Amino acid sequence: MNKTALTVHQIARPHGFPTADHFAFIESTLPEPAAGSALVENLYWSVDPYHREMMDDVPGGFALDAPLEGRTIGRVIASRTPRLAEGELVFHRQGWRTHAAVTPEEIRRLPRFEGVPLTAYLSTLGGTGLTAYVGLTRIARLQEGEDLFVSAAAGGVGTATGRFARLLGAGRLVGSAGSAAKVGHLTREVGYDAVFNYHDGPAADLLGKAAPDGIDVFVDNVGGEQLAAAVGVLREFGRIVRVGTISQYNTPGTASAIFNYADIVEKSIRMEGFLVSNYRDMQEELYEFAVPHLQSGRLPLDETVLDGFEHIVDAFLGMLRGENTGKIIVRDRTEASSVG
């Protein structure tokens, strides 16, 4: 067993885009599990857009010079509780570290579905997929045949939203992305009908061309100019699902989207945001919906996987720069060799 542990700390607050200098890898001896807990060796780590918000000096944000948190999957390697057996695979939130001491109350056991890889529990079957599923079924209440626009459509939530919407019977799917390669992936592989590169011009013009007859639902991961454009093309009784505002995470003081507020009233538009943490009771429903499609091949995984815990900060910064397609996941090198 490795006798040392690595943990990532945030050591400074960013003003704008974060850099590797805002983080430090701290080496320590392995944590000792107290009575009633177990030691977990982490194997897969999720980095997510919400981590950028947590880096700021905000209520509930990350403390400086302390271990960061995040979704992760690990294997129990030492246990001092009969409720956690050595060798068991568990999901928990003490990520951004190679090892963690956890109690049974802090973990979720992972059901093993034939043909479904472990990475799926951090992407399509994890918080990313649950965000997409809740957004479509509970917030938008998507109806068969309705037309959808998704911003940041090539990210983890965006790709899951597109694939779920197709399975739920959506009509026309329109997305935005930040490169020609991503545009191609979304139209060829994910099932979007039209995708525009948001660097190519004003969002209102690009969306107007991609959705000339309007849309019923907008799943917003970006905010800003694309939110304003969506309000303009939403039909009567349109819905806006607010997932995130990644366009403003690294630009403090950026003005909010400017749009015709009269449209909200005159078109009876509903805008609603949500935190996926308030919908954890829907995890089993997500499994029931997604797992059969994963097993049949109708629901491919959209993932960018980096090998080696030492690359977790690089993965996070790359995700903020839009370098990933689908959900970005960091994998321990031992797992990489076992599946290679």
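Predicted model: local features only at pLDDT ≥ 70, side-chain atom pairs only at ≥ 80, totals over all residues.
**Ground rules**

I number residues from 1 along each chain as its sequence is written.

**Entry 1: α2 and α3**

I started with two helices (DSSP runs of H or I, at least four residues, numbered from the N terminus). How are α2 and α3 placed? They pack at an angle of about 50°, with their axes 8 Å apart. Here axes are lines fitted to C-alpha atoms over the stretch in contact, and angles run from 0 to 180 degrees between N-to-C directions. α2 and α3 are therefore oblique to each other; under 35 degrees counts as roughly parallel, over 145 as roughly antiparallel, 65 to 115 as roughly perpendicular and the rest as oblique. The crossing is right-handed, meaning that the near helix is turned clockwise from the far one by less than a right angle.

I then looked up the contact (heavy atoms within 4.5 Å). Among the residues that meet are Ala 132 and Leu 136 in α2, and Val 157 and Phe 164 in α3. The contact divides into 7 nonpolar, 5 polar and no charged residues. Ala, Val, Leu, Ile, Met, Phe, Trp, Tyr, Cys and Pro count as nonpolar, Asp, Glu, Lys and Arg as charged, and the others, Gly among them, as polar.

**Entry 2: α2 and α9**

Helix α2 (residues 127–139) also packs with helix α9 (residues 283–296), at about 90° and with axes 10 Å apart. That makes α2 roughly perpendicular to α9. Tyr 133 is one of the α2 residues here, and Phe 289 is one from α9. By class, I noted 4 nonpolar, 2 polar and 2 charged residues.

**Entry 3: the cavity**

How many cavities of 30 Å³ or more does the whole structure have? The search finds 1. A cavity is a set of points on a 1 Å grid over the protein atoms alone where a 1.4 Å probe fits but cannot get out, and lining residues have an atom within 4 Å of a point. The largest cavity holds about 60 Å³, a volume being the space filled by probe spheres set on the points, which are joined across faces, edges and corners. Of its 13 lining residues, the closest to the centre include Thr 124, Gly 156 and Asp 302. The largest share of the lining, 4 residues, comes from α3.

Notes
Heavy atoms only, no water. 1 Å grid on protein atoms, 1.4 Å probe; cavity = no way out; pocket = protein on both sides within 12 Å on 5 of 7 lines; lining within 4 Å.
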